[in-house]
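Have the viewer open as you read.

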Amino acid sequence: MSRAVPGSHDGTTPAPPRAVVTGIGVVAPNGFDADEYWDAVLHGRGGIDRITRFDPAQYPATLAGEVPDYDVRAYIPSRLVPQTDQTTRLVLIAADAAVRDSALDPAALPDDQVGIVTGLSAGGLEYSQRELEKLWSLGSDHVSAYLSFSWFYAVNTGQISIRHGWHGPGGVLTGNTSGLDAMAQARRYVADGLPVVMCGAVESAMCPLGLAIELTTGRMSTVDDRTRAYLPFDTAASGYVPGEGGAMVVVEEVGHANGRGVQPYCEIAGYATTFDPRPGSAREPGLRRAIESALSDAGVTPAEVDVVFADAAGVGELDRAEATAVTAVFGPRGVPVTAPKTMTGRLYSGGPALDVATASLSMRHGVIPPMINVTDPVRSDQLDLVLGRPRDTTVSTALVLARSDGINSAMVLKAV
């Protein structure tokens with residue numbers, strides 16, 4: 001007996017509403033908008049360099065992917081500048097860009113018909129550090145009242161809501177997979193009848209506090225050559241390089257998008273998340289199950305997937321685990337694998353969101369962007385890595401992977 005896959009119509013049960021991406025907003029170390037970023041990844045222009053936001057000389061890691069300097073008042077109302085951390089400023093810029101790209105008129109919808117879901121793994125660390133410095137050096141009277149919310153992990157959802165006057169369902173997810181998880185939650189909102197959702201993640205922790213926290217993981221690269229510091233799936237892999245930025249996207253119910261005459265980038269067709277087993281249990285990590293469940297949710301087979309956007313930890317043990325999961329599902333060298341984040345660094349919650357934006361652009365333009373700097377792939381990984389130059393090919397189905405401290409998320413995107 002055949003089984004109806006999710007999103008199909010079996011003649012008795014109506015198909016659930018389909019969620020499509022209609023607008024993309026990007027802020028990244030190698031591009032301050034989607035067009036600039038896309039041109040950079042196609043030409044292998046990276047944004048990783050020595051940290052400039054503060055002097056990193058006293059730290060073992062000195063590199064990061066920093067968003068280029070910008071005139072904040074050209075993008076953010078002056079009254080918001082003293083209230084907001086860099087993270088929130090960047091997310092507002094990306095959300096505005098996504099709205100423009102979607103040609104959505106916010107005033108054309110009832111304010112309770114637009115939802116907002118964001119991801120964030122930390123909070124406003126740079127703002128928090130600055131105000132805490134005032135507390136210890138000058139006293140509590142010098143600490144901004146805005147600290148009460150600028151540090152909070154839900155602040156981005158709240159500020160987008162205030163800026164656009166959207167009062168529909170909202171939420172926030174945490175962790176480094178949360179940029180992907182937020183888009184999955186947006187898909188659920190659409191399935192429940194909501195026509196439009198703003199979702200994604202943008203993050204910044206470019207301050208001494210943020211760097212000190214990340215160094216405790218023991219997974220950050222301390223190589224000071226920007227072309228050799230972050231080398232996922234390479235024999236010389238030594239850890240990851242952090243970065244800031246990410247992407248926000250407009251997700252719509254497909255009928256609503258069609259009614260506006262908008263051509264979507266893609267459909268969010270499948271998603272799954274799993275937990276890794278307890279350390280020492282001898283059970284395999286949960287990434288393979290996440291991949292297989294996401295494919296099942298989308299109703300596609302491994303053979304139909306045209307590209308995998310890898311999590312690409314840059315840590316030998318984690319890279320081997322990801323390669324094992326990918327080859328278990330797709331077979332040795334069974335699918336092209338890429339990680340454009342080699343040009344930006346790992347952007348915390350913003351990284352998976354930026355991967356979705358990149359995959360969406362890849363599907364629209366028919367090209368897979370490459371990884372850079374990886375010159376000696378681990379042969380036993382048996383991955384078909386897209387290295388050095390873009391690969392022209394039809395991209396109808398893409399898989400995006402993300403991991404975070406025992407959590408694995410996978411999302412399937414399909415051409416519309």
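## Cavities, cores and a pocket

The structure holds 2 cavities of 30 Å³ or more. A cavity here is a set of points, on a 1 Å grid over the protein atoms alone, where a 1.4 Å probe fits but cannot get out. Grid points are joined across faces, edges and corners, and a volume is the space filled by probe spheres set on the points. Keep in mind that this is a predicted model: local features need pLDDT of at least 70, side-chain atom pairs count only at pLDDT 80 or more, and totals for chains, interfaces and linings use all residues. Residues are numbered from 1 along each chain as its sequence is written, and side-chain values use heavy atoms, with hydrogens and water left out.

- The largest cavity comes to about 40 Å³, and its lining (residues with an atom within 4 Å of a point) is made up of Tyr 37, Pro 340, Lys 341, Thr 344, Gly 345, Arg 346, Leu 347, Gly 351, Leu 354 and Asp 355.
- Helix 11 (residues 350–365) supplies the largest share of that lining, 3 residues; helices (H or I, at least four residues) and strands (E, at least two) are DSSP runs, numbered from the N terminus.
- Ala, Val, Leu, Ile, Met, Phe, Trp, Tyr, Cys and Pro count as nonpolar, Asp, Glu, Lys and Arg as charged, and the others, Gly among them, as polar.
- The second largest cavity also has a volume of about 40 Å³, with Ile 51, Phe 54, Ala 205, Met 206, Cys 207, Leu 211, Pro 242 and Tyr 348 around it.
- What classes line the second largest cavity? There are 8 nonpolar residues, no polar and no charged ones.

**The largest pocket**

- About 890 Å³ of space sits in the largest pocket, a pocket being an open set of points with protein on both sides within 12 Å along at least five of seven lines.
- Of its 42 lining residues, Arg 219, Leu 318, Ser 404, Asp 405 and Gly 406 are the closest to the centre.
- Elements giving two or more residues to this lining are helix 9 (287–298), helix 10 (316–330), helix 11, strand 14 (397–404) and strand 15 (407–414); helix 10 gives the most, with 5 residues.
- The pocket lining splits into 17 nonpolar, 11 polar and 14 charged residues.

**Nonpolar cores**

- The largest nonpolar core has 49 residues, and Ile 24, Val 26, Val 251, Met 411 and Leu 413 have the most contacts inside it. A core is a set of buried Ala, Val, Leu, Ile, Met, Phe, Trp, Tyr and Cys residues joined through side-chain atoms within 4.5 Å.
- A second, separate core of 44 residues includes Met 206, Leu 211, Val 300 and Val 305. Met 206 and Leu 211 also line the second largest cavity.
- Beyond its neighbours within four places in sequence, Met 411 is in contact (heavy atoms within 4.5 Å) with residues including Leu 180, Met 183, Ile 268, Tyr 271 and Val 356.

**Individual residues**

- Cys 266, in strand 8 (residues 266–275), is buried, with a relative accessible area of 0%. Buried means under 20% relative accessible area, exposed over 50%, partly exposed in between (1.4 Å probe, protein chains only).
- Among the contacts of Cys 266 outside four places in sequence are Ala 19, Val 21, Met 363 and Leu 413.
- Glu 66, in the loop between strand 3 (63–65) and helix 2 (86–102), counts as buried at 11% relative accessibility. Its contacts beyond four places in sequence include Arg 50, Arg 53, Met 206 and Glu 244.
- Ser 148 in helix 4 (residues 147–150) is exposed, at 54% relative accessibility.
- Most residues other than glycine have a negative phi. Arg 333 has a positive phi of about 50 degrees and is in the loop between helix 10 and strand 10 (336–338).
- Asn 373 has a positive phi of about 75 degrees and is partly exposed, with a relative accessible area of 23%.
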